[in-house]
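Keep the sequence and the model open while reading.

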Amino acid sequence: MSFYTVSAVLAVHLLAFAGWTGFLAGYLLIGAAALRLLRWCLVIMPVSLVSGWGLAWVQYGGPAAWPWAINAMQTAGLAMAIVLLIAWFGGVLLVRDAESAGDPPAIAGAARRLRRLAAVDLLLGVLILGFAVLGRFG
Ligand code: HEM
């Protein structure tokens with residue numbers, strides 16, 4: 001694959017990283033009014049994973065040859081995806097149910113759980129950044 005193609009895939013991968021972690025941070029800062037930012041994370045998540053797998057295959061070949069940092073990135077990336085899916089298909093639905101029941105304590109509880117899941121997801125993103133940097137310079 002040409003230098004330009006690999007560079008383009010890396011650019012997509014880095015944009016996906018910036019979008020995913022940035023929208024999570026935006027949601028945590030703005031709060032419930034910014035639920036649509038989580039929907040964007042859901043759209044970006046497969047782009048991040050697929051571009052990561054593409055980069056790893058092109059640079060190192062099959063998984064057996066991947067350095068530890070890429071394995072760690074993949075593991076934490078899959079965990080990040082699962083936490084996001086739980087947040088969206090569990091947390092957001094709980095908030096909506098509580099809203100349609102018009103139950104303020106339940107709304108507050110569900111929103112708090114959703115914020116916690118988003119915070120865990122963001123922390124996983126920061127951990128991945130650590131793996132990426134250590135893999136390059138460590
Ligand atoms: C399927 C999972 C993933 C795989 C296989 C993967 C693979 C890779 C590869 C091969 C690189 C290039 C490393 C280099 O050139 O030294 C890279 C870079 C990077 N990845 Fe991933 N990645 C995955 C998921 C993620 C996720 C979920 C994030 C964050 C949301 C992420 C963030 C980054 C960052 C910040 C870099 C830049 C490192 C650099 O170029 O120095 N990756 N990834």
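Helices (H or I, at least four residues) and strands (E, at least two) are taken as DSSP runs and numbered from the N terminus. The model is a predicted one, in which local features need pLDDT of at least 70 and side-chain atom pairs count only at pLDDT 80 or more, while totals for chains, interfaces and linings use all residues. Residue numbers start from 1 along each chain as its sequence is written.

The chain contains four helices and zero strands, in the order α-α-α-α from the N terminus. Along the principal axes, its C-alpha atoms fill a box of roughly 55 × 25 × 25 Å. Two residues are in contact if their C-beta atoms, placed from the backbone, lie within 7 Å. Of the contacts with a separation of 6 or more, 72% join residues 24 or more positions apart.

Consider α2 next. The expected span of a helix is 1.5 Å times one less than its number of residues. With 26 residues, α2 reaches 38 Å from its first C-alpha to its last, close to the 38 Å expected. It has a kink of about 30 degrees at I44, shortly before the proline P46; the bend is the angle between axes fitted to the seven residues ending at a residue and the seven starting there. I44 is also one of the buried residues of α2, together with L38, C41, M45, S48, S51 and G52. Their cover includes α1, α3 and α4. After α2 comes G61, with a positive phi near 80 degrees.

In α4, 34 residues should span 50 Å, and the end C-alpha atoms are 49 Å apart, which agrees. Its buried residues include D121 as well as L114, L117 and F131. Among the elements that cover the buried residues of α4 are α1, α2 and α3.

What surrounds the ligand? A residue is near it if its C-beta atom, placed from the backbone, lies within 6 Å. There are 22 residues around the ligand, and G52, L55, Q74, G77 and A132 come nearest. Two or more residues each are given by α1 (3-30), α2 (35-60), α3 (68-101) and α4 (104-137). The most come from α2, with seven residues. The shell divides into 13 nonpolar, eight polar and one charged, where nonpolar means Ala, Val, Leu, Ile, Met, Phe, Trp, Tyr, Cys and Pro, charged means Asp, Glu, Lys and Arg, and polar the others, Gly among them.

Terms used: Buried ≥ 20, exposed ≤ 12 C-beta atoms within 10 Å, placed from the backbone.
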